[in-house]
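Colleague: I would like to learn how to read a model like this one. Could you take me through it step by step?

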Amino acid sequence: MATSAELTPEPVGEAEGPLLDVRNLHVEFRTRDGVAKAVNGVNYSVDAGETLAVLGESGSGKSVTAQAIMGILDSPPGFITEGEVVFQGRNLLTLGAEERRKVRGARMAMIFQDALSSLNPVLNVGEQLGEMFTVHRGMSRKAARAKAIELMERVRIPAARERIRQYPHQFSGGMRQRVMIAMAMALEPELIIADEPTTALDVTVQAQVMELLAELQREYNMGLILITHDLGVVADVADKIAVMYAGRIVETSPVHDIYAAPAHPYTRGLLDSIPRVDQKGQELYAIKGLPPNLLHIPPGCAFNPRCPLAQAVCRTDEPPLYRVSDTRASACHFWKETLGESADNA
Amino acid sequence: MSQPTTREPAAAPATTREPILEVRGLVKHFPLTQGILFKKQIGAVKAVDGVDFDLYPGETLGIVGESGCGKSTVAKLVMNLEEPTAGTIKYKGQDITKLSGRALKAVRRNIQMVFQDPYTSLNPRMTVGDIIGEPFDIHPDVAPKGDRRRRVQELLDVVGLNPEYINRYPHQFSGGQRQRIGIARGLALRPEIIVADEPVSALDVSVQAQVVNLMERLQDEFQLSYMFIAHDLSIVRHISDRVGVMYLGRIVEIGADAAIYEHPTHPYTQALLSAVPVPNPEAREERERIILAGDVPSPANPPSGCRFRTRCWKAQERCAVEEPLLAVPEVFRGTGGPAEHESACHFAEEMENPPGE
Ligand SMILES: Nc1ncnc2c1ncn2[C@@H]1O[C@H](COP(=O)(O)OP(=O)(O)OP(=O)(O)O)[C@@H](O)[C@H]1O
Ligand SMILES: Nc1ncnc2c1ncn2[C@@H]1O[C@H](COP(=O)(O)OP(=O)(O)OP(=O)(O)O)[C@@H](O)[C@H]1O
Ligand code: SF4
Ligand code: SF4
Ligand SMILES: [Mg+2]
Ligand SMILES: [Mg+2]
């Protein structure tokens, strides 16, 4: 194929380490009401072919972390104050704007929750898909159009040849999300970040879209970061999980281990709040209290006002991310106790 | 107790009480018009197209189904916020669709609604006290003027909010707290029925459980009947005594919660349940998932015969010409098992591996 290779940055050889390694990332929003510390030291990594699920409540910083990785953070008011985003061995935060733009799209792409507002309403779907090839690959419009049809067929949009002339609003929610996936896939990136890709969809359509995404990921051996708060979706597709609370990673673990025995009280609370069949007629477990205000994050462990295990030390000392095993970590002073209790309950 | 010879339909609760609400043949078509000056009707969105169900005192009837299948429209019809195109809604034997004036007002007091979106359903310029007390303005007989403040504070207490918050505005509360305000308002007139349209969908997992627990506690305390609409099937199962599954303006299957979740006989219910991600990674490999092809057809132009046939893997010729009725399928009639509940499918059968197991 006659792609102009010089437009695409070369991968930095066979880089050691994971595909993406986020290290101690801090992001704050400087607003009129004060400084909102949205991301307070995030660490996570993802390998090629691996699916990392990022889980956490609304406002816990999942999307802001993703925006910082992609280089699309709203700035101002958002500022990255500390940390590294190491992708294929390079810290992206030190790259210039132009180089960064090349990485985005070609090497990493993002899928958003709301496809309708992230697609351009005045361009037809074919033009939007084709643009990926004309702009990034320098293809002719005709060749780009053929590629667009191919992509639409890849994501199983029926009658792609005809539908390519239609506009986003003429597609159903599930179809639009497929178009988004097609756009993200267009340049065969190594990493895809999917921010709640199926939250706006119905259950049966959600199943179609997730299956498609998983299939494409396997086929191209991509790294996938899946942001969600659906514990069911996570259990279904993730290899490992990072749980966020108040802008921090509070637990990372392979998916099987965390469901069997969480090592952080917040994770445990989330898992316990899922209604189970044998709990019918009983009260659901509910984490007491409310998520913290990011303008006033409690000192010590941010979870301490809601935590059933909190001790005096939790109100003064912020827990580091303790190593639980080779593959697990927990930001809780009492991770051993939590793990023990979780295992007893399992 | 009923005689052993007169078997209760499987879908009815064990007690032989009279339903508090009887819905029959409910239809709501929204006209589709063209033209700006001279509106010409060119068709209709068949949002609700022949819905029957009963609601019993003190029970929770869950309603599930995909976006656009008509759940909210059914809720609005029951609330008398929309006028039905056809059908009857009997509250204690009285058809409320025919009522007006004072008689309607009296019935309305007994049926209240809690809305999905705690962010937009509360007027931002009203204090919490005014929002919760507003129903008393419409029904001044329930609480005399001098008594209102106390009644509102009582309601705040009932839903677990600090009564001192009475003068705050909605934006000063979190999503879960706002949903509690909506519930307090719904309770103000001491209704018998609460129609809850996606009351926890906009809330975080940890806060959802708090609101569901609150609703269950209030139901026990005030013997409320709930119509609980949601798309989270595990929450619906937790709270419901019976569950109705809707597809394109119709109820396709209805029965006791265990019957629907463990012994579904309608292909759509089976697909829906199999598609729900289960929060257990160990079950990942064993799951038999039914991935449906295609999208839900437009309610302006539903398929002939069975509305599910364009996506149904069991569809046969008969399905295109003959509409399946919501009734206990012949094969299960008199079996007494959990599969003996109403299901609108010509070829209703249990699955080998029920998705819920
Ligand atoms: N442009 C912005 N200006 C100010 N604050 C912002 C901005 N974008 C995000 N924030 C704040 O940063 C915090 C983290 O937001 P983020 O969108 O990452 O949450 P999230 O975990 O993705 O939540 P959700 O599940 O609701 O999508 C929030 O408190 C949010 O209000
Ligand atoms: N006022 C209206 N005018 C025209 N069409 C309407 C109106 N209200 C609803 N509809 C249509 O009726 C159908 C049923 O809508 P309804 O809101 O009852 O669905 P729903 O099951 O509540 O969906 P969701 O899960 O998305 O809330 C939809 O196709 C909708 O677009
Ligand atoms: S550090 Fe303390 S407050 Fe924080 S999660 Fe652990 S036990 Fe709870
Ligand atoms: S009646 Fe036919 S098309 Fe409809 S659900 Fe049953 S088998 Fe499928
Ligand atoms: Mg987000
Ligand atoms: Mg609705």
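Colleague: How many Å separate the centres of domain 1 of chain A and domain 2 of chain A?

Modeller: Domain bounds come from an automatic or database domain assignment. In this predicted model, the two centres lie 28 Å apart, taken over C-alpha atoms. Domain 1 of chain A covers 20–238, and domain 2 covers 243–345. Their contact (heavy atoms within 4.5 Å) takes 25 residues from domain 1 and 19 residues from domain 2.

Colleague: What is the area buried between domain 1 of chain A and domain 2 of chain A?

Modeller: The size of an interface is often given as the accessible area lost when the parts come together. Here buried area is the accessible area (1.4 Å probe) that two parts lose on being put together, summed over both. Between these two domains of chain A, about 1700 Å² is buried, and carbon and sulfur atoms give 63% of that. Leu55(A), Glu57(A) and Leu231(A) supply 32% of the area that domain 1 buries against domain 2, more than any other three residues.

Colleague: Which residues are closest to ligand 3?

Modeller: A residue is near a molecule if one of its heavy atoms lies within 4 Å of it. For ligand 3, 13 residues qualify, and the closest are Cys301(A), Cys307(A), Cys314(A), Cys332(A) and His333(A). The shell holds 10 nonpolar, 3 polar and no charged residues. Nonpolar means Ala, Val, Leu, Ile, Met, Phe, Trp, Tyr, Cys and Pro; charged means Asp, Glu, Lys and Arg; the others, Gly among them, are polar.

Colleague: Which residues are closest to ligand 4?

Modeller: Ligand 4 is also surrounded by 13 residues, the closest being Cys306(B), Cys312(B), Cys319(B), Cys345(B) and His346(B). Its shell divides into 9 nonpolar, 2 polar and 2 charged residues.

Colleague: What is the mean pLDDT of chain B?

Modeller: pLDDT is the predictor's confidence in each residue, from 0 to 100. Chain B has a mean of 87, with 93% of its residues at 70 or more. Chain A averages 87, and 94% of its residues score at least 70. Be careful with residues 1–14 of chain A, where pLDDT stays under 50. For the complex, the predictor gives an ipTM of 0.79 and a pTM of 0.86.

Colleague: Which conventions apply?

Modeller: Residues are numbered from 1 along each chain as its sequence is written, while chains are lettered from A and ligands numbered from 1 in the order in which they are written. Local features need pLDDT of at least 70, side-chain atom pairs count only at pLDDT 80 or more, and totals for chains, interfaces and linings use all residues; side-chain values use heavy atoms, leaving out hydrogens and water.
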